[in-house]
Amino acid sequence: MKKNEICILLVDDEPDIIEIIRYNLAAEGYRVVTAENGRQALKVAREHHPHLIILDVMMPEMDGIETCIQMRKEPELSNSMITFLTARGEDYSQMAGFDAGADDYITKPIKPKVLISKVKALLRRFNSGETGGKPEIISTGNLEINREEYKVVKGGEEVMLPRKEFELLYLLASQPGRVFQRDEILERVWGNEVVVGGRTIDVHIRKLREKIGDGSIQTIKGVGYKFVE
């Protein structure tokens, strides 16, 4: 996918921040749309179906956490990447972000070049997904995982997963019984360019278990996780 075909939604209530980030993203060739608060962001997202949404946390009318939760309920936004960009770097704030369905959490202040690198890392999934060919489908038990469509069906009903949760599930289910170490999971799901907190994997595993059941993913203490059929 060409950069000018990629839409990024930038949401922040500070005009100066909006302008600086918008300028740098546009200079890279991305199509950028903006919103000043959560309610406006939902409206803009429904109109433009952005590939990436960059959300501030502290905003009037509807904060970033609630906005993310509402966006994850929208079927047309199920494949959108969502990252928080906020000055709040506490562990509990990051945990709340991942619980809401975010794919990443970036702490302000951040240099524009570093932000661009993180944006590129988050968007790599869209580019790598356009290789064509037959859909890659994993069927195990009552689960069907379709990589091409980023779709999970459990017992005949579709399960809505944020993109990172999907990538994590697909990785584990691709080799049932194999133990994936934490470092390998971070590298293969998040990539070397994206810095995430130490609890990121744990949060995503917990959310997956809530959605697909506790029995499919086992914890190997001190090592990592494996998928069992």
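Reply: Happy to! A pocket here is an open set of grid points with protein on both sides within 12 Å along at least five of seven lines, and its volume is the space filled by probe spheres set on those points. Please keep in mind that this is a predicted model.

Let's start with an open space. The second largest pocket has a volume of about 170 Å³. Its lining is made up of 13 residues, and those nearest the centre are Arg72, Ala100, Gly101, Pro162 and Lys211. Sorted by class, that lining has six charged, five nonpolar and two polar residues.

In a cavity, a 1.4 Å probe fits but cannot get out. Searching the whole structure turns up one cavity of 30 Å³ or more, and the volume of the largest cavity is about 30 Å³.

Which residues line the largest cavity? They are Ser78, Tyr150, Lys151, Val152, Glu158, Val159, Met160 and Leu161. To find your way around, look at strand 8 (151–154) and strand 9 (157–159), each of which supplies at least two residues of this lining. Five of the lining residues are nonpolar, two are charged and one is polar.

Definitions and conventions:
Residues are numbered from 1 along each chain as its sequence is written. This is a predicted model: local features need pLDDT of at least 70, side-chain atom pairs count only at pLDDT 80 or more; totals for chains, interfaces and linings use all residues. Side-chain values use heavy atoms; hydrogens and water are left out. On a 1 Å grid over the protein atoms alone, a cavity is a set of points where a 1.4 Å probe fits but cannot get out, and a pocket is an open set with protein on both sides within 12 Å along at least five of seven lines; lining residues have an atom within 4 Å of a point. Helices (H or I, at least four residues) and strands (E, at least two) are DSSP runs, numbered from the N terminus. Ala, Val, Leu, Ile, Met, Phe, Trp, Tyr, Cys and Pro count as nonpolar, Asp, Glu, Lys and Arg as charged, and the others, Gly among them, as polar.
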